[in-house]
Amino acid sequence: MDIQLTTQAAQEIACDALVVGASSSKEQQNAAEGLLSPTAGKLDKELGGLLSALYKEGEFKGKLGEIATIHTMGKIAAKRLILVGLGSEATPGADAIRRASATVIRHLEGTGAHTVTLALNRIDSGAEAAHGIQAEVEGALLGLYHFEQYKSKHNEQEKITAIQIVLEQAENPDLFKQAIERGRVMAEATNFARDLINEPPNVLTPTELANRASSMAARVGLECEVLDRPRMEELGMGGLLGVAQGSAEPPKFIILRYRGAPQSAEHGIALVGKGITFDTGGISLKPADGMEKMKGDMGGAAAVIGAIQAIAGLKPAINVTALVPTTENMPSGTAYRPGDILRIMNGKTIEIVNTDAEGRLVLADALSYAVQKGLSPIIDVATLTGGIVVALGTTMAGLFTNNEELGKEIIAAGEAAGEKFWAMPMDEEYGEQIKSDVADIKQTGGRGASAVTAAKILEHFVGEARWAHLDIAGTSFADSKKPHQERGAVGFAVRTLAEFAAGRG
Ligand code: BES
Ligand code: MN
Ligand code: ZN
């Protein structure tokens, strides 16, 4: 996609659609003109008051994602002017701009528009304008995402091929060009993660996930190492090996390294992602209904692989390692069983009670590995429990941590990235539920607070490291199409993790 910054006057820009943002802020409700940015105000005059008329008549209210189309009939250079609502804030934030941009670009797709100009920002200087521009670019590229590799028919004629971002007053175009680049890096990494998740499980096996991580690493300049079964055996990764023993596909342990601070004594951040390329539940088999969605049980893996791709593009001065334990969870004559006891890499034993609780087992090995390598903080991301879907639905992901500061930092990074996290409890008393008669811990803690007891299991494998666990089971895969987003993989947590890392470098 061709994306350019332009300082040309909006009315002079020749394109198929010129998009202008407008809020529904109550403070400005009385003055229709006040609803419009300086750019929109000027365009309104050129069009003889057509835009403000839309407000006055009550036809357009400025609700987030609301759209009105005006055919300009040669009064300005753009063929069509699109008004898009930015919601009720007087100065819409990055999240509103990102959503509006995605919604409008999805609306324009298939309407014959090839060249689109975006002018959603109300602010046209400084850091806030840069954030707005980044959000415009992110929204547009995320909005245009489709997963169509396996469809025989494509509609090439309808495609949007070029986007211009207008900033008429830009005194510092370099800052804004950088913002466009950041937006592109964030969106492309998110879309890469979405591809990994949307791929069918017969294609995206653990081996294929490792191959895709490795070719991405070669392309963006990351180190990549993939451990095979013999090496896992040497390291004592009994959790990953236990889950993998039911599958005909060999497990992999993928390691990606970004070195932005090669001189530093600090080993840096670990990003750990659950990489179950298909979760049948194993011997504790899942019901058939909806099982196809369990191709997305590597959403955590996709998030950390996408995040480190973005980090390679943003280039913060820190070190980051992504760790991905990946396998299928299958029932078979060689599968692990309820009643088995597995020994994790750090030496602790787990009594298996339900083979469908496989995620915590593969993560336990990866967390132990991160601790052994001296990595800190450790952030793991996983489509871990149905319990978090019950608790928080599809709107927010659960955040569990042993360090409140770290939790706050992640929540703040999420706000900037447009992804919501809610802090969940880690009270000691929940540990009672995972006591075992025969091993160090029991794999599951029953129905009550199951997302919390899963996190309590993970806590056994993080030693003294600062650690946070993000349960994205509800937010990673969208069951329905939204105005701003395609059905299927969301790419959730990619941008939060990249933002988090960038904020430290
Ligand atoms: N991958 C699932 C969790 C999941 C559920 C992800 C819904 C996405 C959407 C996980 O492996 C699982 O099966 N968890 C079980 C554990 C239970 C058997 C203790 C759960 O949470 O129901
Ligand atoms: Mn499972
Ligand atoms: Zn799972």
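Visitor: Which residue bridges the zinc ion (ligand 3) and the manganese ion (ligand 2)?
Guide: Keep in mind that this model is predicted. The zinc ion (ligand 3) and the manganese ion (ligand 2) lie 3.1 Å apart. The residue that bridges them is D279.

Visitor: Which residues are the protein donors of the zinc ion (ligand 3)?
Guide: The protein donors lie 2.0 to 2.4 Å from the zinc ion (ligand 3). Their spacing in sequence reads K-x4-D-x17-D-x60-E. By name and atom, they are K274 (NZ), D279 (OD), D297 (OD) and E358 (OE).

Visitor: What arrangement do the 6 donor atoms make around the zinc ion (ligand 3)?
Guide: Look at the angles. Six donors count as octahedral if opposite donors are over 155 degrees apart and all others between 65 and 115. Here the donor atoms subtend angles of 78 to 176 degrees, so the arrangement is octahedral.

Visitor: How many residues apart in sequence are the parts that D279 and D297 tie together?
Guide: D279 sits in strand β10 (residues 275-279). D297 sits in the loop between β10 and α9 (299-314). The pair therefore ties together parts whose separation in sequence is 18 residues.

Visitor: Are D279 and D297 buried or exposed?
Guide: The cut-off for burial is under 20% relative accessible area. Both D279 and D297 are classed as buried.

Visitor: How many aromatic pairs does a search of the whole structure find?
Guide: A pair of rings is described by the distance of the centres and the angle of the planes. The search of the whole structure gives a count of 4.

Visitor: What kind of aromatic pair do F253 and Y369 form?
Guide: Their centres are 5.0 Å apart, with 55 degrees between the planes. Planes under 30 degrees apart count as stacked and over 60 as edge-to-face. The F253 and Y369 pair is tilted.

Visitor: Which parts of the chain does the pair of F253 and Y369 link?
Guide: The two residues are 116 residues apart, and the pair links distant parts of the chain. F253 belongs to strand β8 (residues 252-259), and Y369 to helix α10 (residues 359-372).

Visitor: Why does Y369 count as buried?
Guide: Burial means under 20% relative accessible area. F253 counts as buried because its relative accessibility is 0%. Y369 counts as buried too, because its value is 6%.

Visitor: How much space lies in the largest cavity?
Guide: The structure holds 1 cavity of 30 Å³ or more. Its lining includes S37, N121 and E168. The lining residues divide into 5 nonpolar, 3 polar and 3 charged. The space in the largest cavity is about 90 Å³.

Terms used: Residues are numbered from 1 along each chain as its sequence is written. Chains are lettered from A and ligands numbered from 1 in the order in which they are written. This is a predicted model: local features need pLDDT of at least 70, side-chain atom pairs count only at pLDDT 80 or more; totals for chains, interfaces and linings use all residues. Side-chain values use heavy atoms; hydrogens and water are left out. On a 1 Å grid over the protein atoms alone, a cavity is a set of points where a 1.4 Å probe fits but cannot get out, and a pocket is an open set with protein on both sides within 12 Å along at least five of seven lines; lining residues have an atom within 4 Å of a point. Grid points are joined across faces, edges and corners, and a volume is the space filled by probe spheres set on the points. Ala, Val, Leu, Ile, Met, Phe, Trp, Tyr, Cys and Pro count as nonpolar, Asp, Glu, Lys and Arg as charged, and the others, Gly among them, as polar. Rings of Phe, Tyr and Trp (its six-membered ring) pair if their centres lie within 6.5 Å; planes under 30 degrees apart count as stacked, over 60 as edge-to-face and the rest as tilted. Helices (H or I, at least four residues) and strands (E, at least two) are DSSP runs, numbered from the N terminus. Buried means under 20% relative accessible area, exposed over 50%, partly exposed in between (1.4 Å probe, protein chains only). Donors are N, O and S atoms within 2.8 Å of the metal (3.2 Å for Na, K and Ca); water is not among the atoms, so sites may look incomplete. Four donors count as tetrahedral if all angles lie between 85 and 135 degrees; four count as square planar and six as octahedral if opposite donors are over 155 degrees apart and all others between 65 and 115; anything else is irregular.
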